[in-house]
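User: I am new to this structure and would like a guided walk through it. Could we begin once it is on the screen?

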Amino acid sequence: MRLAITKEETRKRQITFMEKLEENGLEAAIIFSPTDIFYLTRFYFIATERPIAFFIDHKGKTHLFVPHLEEKHAEE
């Protein structure tokens with residue numbers, strides 16, 4: 001049996017996070033923690049000297065900032 005987090009669950013987590021942003025009067029957040037990025041995107045990586053960040057705003061726009069080396073992995 002393969003355990004996996006569904007796309008629906010991931011989207012639910014993002015919506016909850018966006019609601020918290022709005023409740024706190026924030027327009028956006030930039031997340032650098034690998035654990036937090038995985039929680040909100042299902043994108044897993046091992047942190048190195050190359051920065052990876054997840055941008056999310058209260059309206060639902062998201063961006064994953066990754067080094068070129070990780071681009072294919074991030075697209076999956």
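This is a predicted model: local features need pLDDT of at least 70, side-chain atom pairs count only at pLDDT 80 or more; totals for chains, interfaces and linings use all residues.

User: In which order do the elements run from the N terminus on?

Analyst: The order is α-β-α-β-β-α. That gives three helices and three strands in the protein.

User: What box do the C-alpha atoms fill, and what share of the residues is buried?

Analyst: Along the principal axes, the C-alpha atoms fill a box of roughly 35 × 35 × 15 Å. Of the 76 residues in the protein, 25% are buried.

User: And what share of the contacts joins residues at least 24 apart?

Analyst: The share is 45%, counted among contacts between residues at least 6 apart in sequence.

User: Let us turn to the sheet. In what order do the strands stand, and is the pairing parallel or antiparallel?

Analyst: The sheet is open, its three strands stand in the order β1-β2-β3, and the pairing is antiparallel. The edges are held by β1 (28-31) and β3 (62-65); each has a single partner strand, so one side of each is left without a neighbour in the sheet. On average, neighbouring strands of this sheet are turned by 10 degrees against each other, direction ignored.

User: How do strands of a sheet pair in general?

Analyst: They pair through backbone hydrogen bonds, either parallel or antiparallel.

User: Back to this sheet: over how many bridges do β1 and β2 pair?

Analyst: Four bridges join β1 to β2 (residues 53-57), in the antiparallel sense. Within this pairing, Ala 29 stands opposite Ile 56 in β2, and Ile 31 has Phe 54 as its bridge partner in β2.

User: What about β2 and β3, over how many bridges do they pair?

Analyst: β2 and β3 also pair over four bridges in the antiparallel sense. Phe 55 has His 63 as its bridge partner in β3. The two strands form a hairpin with four residues between them, and Gly 60 in the turn has a positive phi of about 105 degrees.

User: Is β2 mostly covered or mostly open?

Analyst: β2 is mostly covered, as four of its five residues are buried.

User: Which residues does Phe 55 touch, neighbours within four places in sequence aside?

Analyst: Phe 55 is in contact with Ala 29, Ile 30, Lys 61, Thr 62, His 63 and Phe 65, once those neighbours are set aside. As for Phe 43, that residue is 12 residues from Phe 55 in sequence and 13 Å from Phe 55 in space, C-alpha to C-alpha.

User: Now the helices. Which strands does α1 lie across, and at what angle to β2?

Analyst: Helix α1 (residues 7-23) lies across β1, β2 and β3, and runs at about 65 degrees to β2. Helix α2 (residues 34-41) lies across β1, β2 and β3 as well, running at about 50 degrees to β2.

User: Where is Arg 42 found, and what phi does Arg 42 have?

Analyst: Arg 42 is found in the loop between α2 and β2. Although Arg 42 is not a glycine, its phi is positive, about 70 degrees. In general, most residues other than glycine have a negative phi. Arg 42 is partly exposed, with 35% relative accessibility.

User: A last topic: how many aromatic pairs does the structure hold?

Analyst: The structure holds two aromatic pairs. One of them is formed by Phe 38 and Tyr 44, edge-to-face, with 6.3 Å centre to centre and 85 degrees between the planes. Phe 38 is partly exposed at a relative accessible area of 30%, whereas Tyr 44 is exposed at 52%.

User: Over which ring does the charged end of Arg 13 sit?

Analyst: The charged end of Arg 13 sits over the ring of Tyr 39, 4.1 Å from the centre of that ring.

Definitions and conventions: Residues are numbered from 1 along each chain as its sequence is written. Side-chain values use heavy atoms; hydrogens and water are left out. Two strands pair if DSSP finds at least two bridges between them. Axes are lines fitted to C-alpha atoms, for helices over the stretch in contact, and angles run from 0 to 180 degrees between N-to-C directions. Contact means heavy atoms within 4.5 Å. Rings of Phe, Tyr and Trp (its six-membered ring) pair if their centres lie within 6.5 Å; planes under 30 degrees apart count as stacked, over 60 as edge-to-face and the rest as tilted. Buried means under 20% relative accessible area, exposed over 50%, partly exposed in between (1.4 Å probe, protein chains only). A charge sits over a ring if NZ of Lys or CZ of Arg is within 6 Å of the ring centre and within 35 degrees of the ring normal.
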